[in-house]
Amino acid sequence: MANKLISEMNLPKSIANVFAARNIITAKAMSLLDHRNQNEYLAGHLPTRLEGLDAALCGGIPFGVVTELVGPAGIGKTQFCMKLALLASLPTSHGGLGGRVIYVDVESKFSSRRMIEMGISSFPEIFHMGGLAQEMAGRVLVLRPASLSEFTESLQQIKVSLLQNHVKLLIVDSMAALASGEYGQGTPRHHPLGWHISYIKSLAEFCRIPVVVTNQVRSQSRDEASRYLFQGSVESRADTTTEDPSNFDSHLVAALGIHWAHAVSIRLVLESRSGQRLIKIAKSSISPSVGFFFHITSSGISLLNNEGVEMMGPQANKIHCQGHSGIINCDTEVLQ
């Protein structure tokens with residue numbers, strides 16, 4: 001088994017190609033990568049139940065680090081967060097973490113009714129049991145701070161809850177909204193959020209849980225054209241610096257700026273290309289830069305294809321918003 005070729009392991013083709021390009025061609029080499037993954041991310045993942053994405057992330061959303069979701073309004077960030085909350089509260093006998101969730105709902109987008117709808121559609125054998133839907137919804141503690149300063153004050157309470165209440169997931173949706181609410185429109189790129197991200201990272205590491213935060217987008221200025229290249233070869237980075245800056249005018253960047261970007265361990269970008277939604281790995285120390293087209297159904301985000309598309313150079317970090325309406329409609333609900 002240790003000498004089995006990656007090509008014989010039935011991995012999605014795009015992911016197998018990336019491993020091959022990195023000279024990871026046997027199961028033994030992959031096990032070494034997995035061992036590094038376990039050491040770095042404290043040996044645990046929350047599976048997203050999106051097969052291709054979980055394979056690319058080596059298991060799902062990792063424990064012990066901060067994972068960021070970036071994208072324009074209405075693209076599906078909150079839908080993803082609610083599905084993760086559902087999965088974390090799901091009994092371990094059904095593949096969940098069997099714990100509680102703290103959900104910081106800054107923009108009042110969380111809907112317990114929508115989360116239960118996802119549960120009924122995804123796990124009908126569980127949610128049709130009497131009273132279980134209400135029990136699952138009761139495992140999600142929703143906080144709605146009105147300002148960044150109020151959120152700051154609640155962080156100590158959150159830490160106590162993480163330690164005492166069997167909390168398995170912390171979600172902050174969204175950090176950018178907290179910052180913009182504190183400083184108003186036209187906020188400068190670099191907010192004084194260094195303490196907050198450091199504290200949130202320490203919660204992830206100390207409590208050994210996955211932490212997920214969302215970030216909004218803004219227009220990209222020309223002097224930022226090559227500042228978000230977390231991945232890719234030296235050659236591809238060098239090529240980007242000579243590219244015509246006007247080519248970047250139609251793209252977006254994460255709202256909280258480059259210093260925040262370097263503080264998170266994993267960045268998943270949700271974007272729209274010619275009207276099709278795409279989720280891609282823009283930053284990870286162990287995962288390939290691949291993207292997966294998706295749509296939103298009654299069960300939440302669903303991938304159209306588990307194979308994925310390899311992202312080359314700056315394509316991993318650009319955020320596209322082509323043909324995106326800003327609103328997702330599903331069963332007459334507004335889903336963002």
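Me: Happy to begin: which residues point one way from β7 and which the other way?

Reply: Some ground rules: this is a predicted model, where local features need pLDDT of at least 70, side-chain atom pairs count only at pLDDT 80 or more, and totals for chains, interfaces and linings use all residues. Residues are numbered from 1 along each chain as its sequence is written, and side-chain values use heavy atoms, with hydrogens and water left out. In a regular strand the side chains alternate between the two faces of the sheet. In β7, one direction is taken by Val211, Val213 and Asn215, and the other by Val212 and Thr214.

Me: Why is β7 largely enclosed by the rest of the structure?

Reply: Strands here are DSSP runs of E with at least two residues, helices are runs of H or I with at least four, and both are numbered from the N terminus. Buried means under 20% relative accessible area, exposed over 50%, and partly exposed in between, using a 1.4 Å probe and protein chains only. β7 is largely enclosed because, of its five residues, the number buried is five.

Me: How many bridges join β3 to β7?

Reply: Two strands pair if DSSP finds at least two bridges between them. β3 (residues 66-70) and β7 (residues 211-215) run parallel. Val66 stands opposite Val211, and Leu69 has Thr214 as its partner. The bridges joining β3 to β7 number five.

Me: And which residue in β10 is the bridge partner of Thr67?

Reply: β3 also runs parallel to β10 (residues 266-273), with four bridges joining them. Within β10, Thr67 is partnered by Ile266.

Me: Which residues have the most contacts inside the largest nonpolar core?

Reply: A nonpolar core is a set of buried Ala, Val, Leu, Ile, Met, Phe, Trp, Tyr and Cys residues joined through side-chain atoms within 4.5 Å. The largest one has 46 residues, and helix α4 (residues 77-89) gives the largest share, eight residues. Apart from it lies another core of 33 residues, including Val213. In the largest core, the most contacts belong to Leu46, Phe80, Leu268 and Ile279.

Me: At what angle do α4 and α5 pack?

Reply: Axes are lines fitted to C-alpha atoms, for helices over the stretch in contact (heavy atoms within 4.5 Å), and angles run from 0 to 180 degrees between N-to-C directions. The α4 side of the contact includes Met82 and Leu86, and the α5 side (residues 112-122) includes Met115 and Met118. The axes lie 9 Å apart, and the angle is about 65°.
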